[in-house]
Amino acid sequence: MQEKEIKDIVDAALADEFELDRASLVDDAHIREDLGLDSLDIVDLVIVIENAFNFKLEDRSKLAGIQTLGDLYRFIRDIYEHKSFVEK
Amino acid sequence: MRGRRVVITGMGALSPYGEGASVMMRGLRDGVCALRSLQEHGIDGLHCGVAGIVPRLDAKRVPRESRRTMSPMSLHACFAVREALFQAGLDPDAPLPGAGVAMGSTIGSPEVLQEFFSAYLRDKSVDGMRGTVFFKVMSHTVAANVALAFGCARRVLAPAAACASGLMAVGLGYEAVASGREDLMICGGADEFHLLTAATFERLGAASLEQEPRLASRPFDTARQGLVCSEGAGALVLESLERAGARGAEILAEIKGFAMLSTPANIAHPSAEAIETCMREALDDALLRPQDIGYVNAHATATEWGDIAEGRAVAGLFGDAVPVSSLKGHMGHAMAASGALELISCIEMLRTSVYIPTYGLETPDARCGALRHPQASFAVTGKAILKNSFALGGSNCSLVLDHCCQ
């Protein structure tokens, strides 16, 4: 999957689920501090991402280290590169 | 209750009539039935075809941070609380750290439970379960979400007493303020309609199967078939008389007394004796006598046994001297919201001296005792109101309301 496509899907999913302004969705936006998501949102973030890409992560715990939106884009790119997911 | 005097300074309602206490009162006074036909549900064995449904409101009026853990019942409550705070002269957009909350619902959100269990049973998995589910189905979901949304940092009470939850919550708030434990309490009840609720009453033989909305809920009438489920939220702001006076708040009414007790004999059948005792204890608490009451707002849901038990209890205590009516013919039984919505209606009746008869009551059932059932709007002046709410599980609540004479 192309990087732009990943970014578009993530941005659309986050904007819809967490009612975020699309303009705030930039690579260096910190998920907690800049986007304002808290621990409860982070739990749902996993499900939102899985639903958006229609896959199930093999290891959800790897999401815990993600700090910025750029990290999240890269994480999903890696997921596709290593096929470390199960299609729903 | 011996203690501080407790007054009501704000009220808000979301009812099958729409949003706002004034909208509800206009519908009640105009004798409009707020019930409507349900869309075909196709559930085998379920025959209920009428309900009282609130209009769909824009949920985004509640900020996402608060809304994410709310099911429809908590949203209903927030709309009502906001109106109540505004009327009380309190800023609904500013945190209220000095306020407590007492709000009940019959259960956590049945809609969210259905959504969760549908996926859980289908997929045999909890992978798709969101972190917010629990907060929508927990027993104190309404009270906790209201406290969060309005920044209330004092005690949070969530009486779980089915259909009596709303009035019980007001009673608990009254006791908290009267005892001096709290100065300000936001009280009431909320619920959301779900076919599971209707099915529960239908299985118990307590639901109306009438398909014509205007004939479906007929408390005290010989032709009554049972109750009609509805939904909504009622919220009231309670505070000490001293606090309300000090901040110059308009006082809408005073809570003079409250009582609650159980009927341990049968979990599903009410007891006239217990109800009469409950009303008598509420009067004792208010230091009033039966002749001081000018109107009884009955719980009367139009069930066979409930109306008989309450009617006999009212007749036993008041004879046929005091007018009685139920508002469930107009707007059905809003479950945990019913006690709060009907109490709000009582406050308006007290303030305007215009009282509302039972909608749909044409031929009173003599088995409900020799009661005085007005057939049209009527006037009462200079007397207090007694409001009842009862519930499956044997919970009985009575509250006495009056003008506040300082």
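Modeller: Happy to! First, a term: two residues are in contact if their C-beta atoms, placed from the backbone, lie within 7 Å. This is a predicted model, where local features need pLDDT of at least 70 and side-chain atom pairs count only at pLDDT 80 or more, while totals for chains, interfaces and linings use all residues. Residues are numbered from 1 along each chain as its sequence is written, and chains are lettered from A and ligands numbered from 1 in the order in which they are written.

Colleague: OK, how many residues does the contact take from chain B and chain A?
Modeller: Six residues come from chain B and six residues from chain A. On the chain B side, three are polar, three are charged and none is nonpolar. For those classes, Ala, Val, Leu, Ile, Met, Phe, Trp, Tyr, Cys and Pro count as nonpolar, Asp, Glu, Lys and Arg as charged, and the others, Gly among them, as polar.

Colleague: And what is chain B divided into?
Modeller: Domain 1 (6-246) and domain 2 (257-402), with bounds from an automatic or database domain assignment. Taken over C-alpha atoms, the centres of these two domains of chain B are 20 Å apart. In chain B, 61 residues of domain 1 are in contact with 54 residues of domain 2.

Colleague: Which element gives the most to the domain 1 side?
Modeller: That's α7(B), with eight residues. Helices (H or I, at least four residues) and strands (E, at least two) are DSSP runs, numbered from the N terminus. By class, that side of domain 1 of chain B has 34 nonpolar, 20 polar and seven charged residues.

Colleague: New topic: is β9(B) largely enclosed or open?
Modeller: Strand β9 (residues 253-262) of chain B is largely enclosed by the rest of the structure, because eight of its 10 residues are buried. Buried means that 20 or more other C-beta atoms lie within 10 Å of a residue's own; exposed means 12 or fewer, and partly exposed is in between, with C-beta atoms placed from the backbone.

Colleague: Which strands does β9(B) join?
Modeller: Three bridges join β9(B) to β1(B), running antiparallel, and eight bridges join β9(B) to strand β15 (residues 395-402) of chain B, also antiparallel. Strands pair if DSSP finds at least two bridges between them. One bridge links B:Val6 with B:Ile255 in β9(B).

Colleague: Last one: what is the mean pLDDT of chain A?
Modeller: The mean is 92, and 100% of the residues of chain A reach 70 or more. pLDDT is the predictor's confidence in each residue, from 0 to 100.
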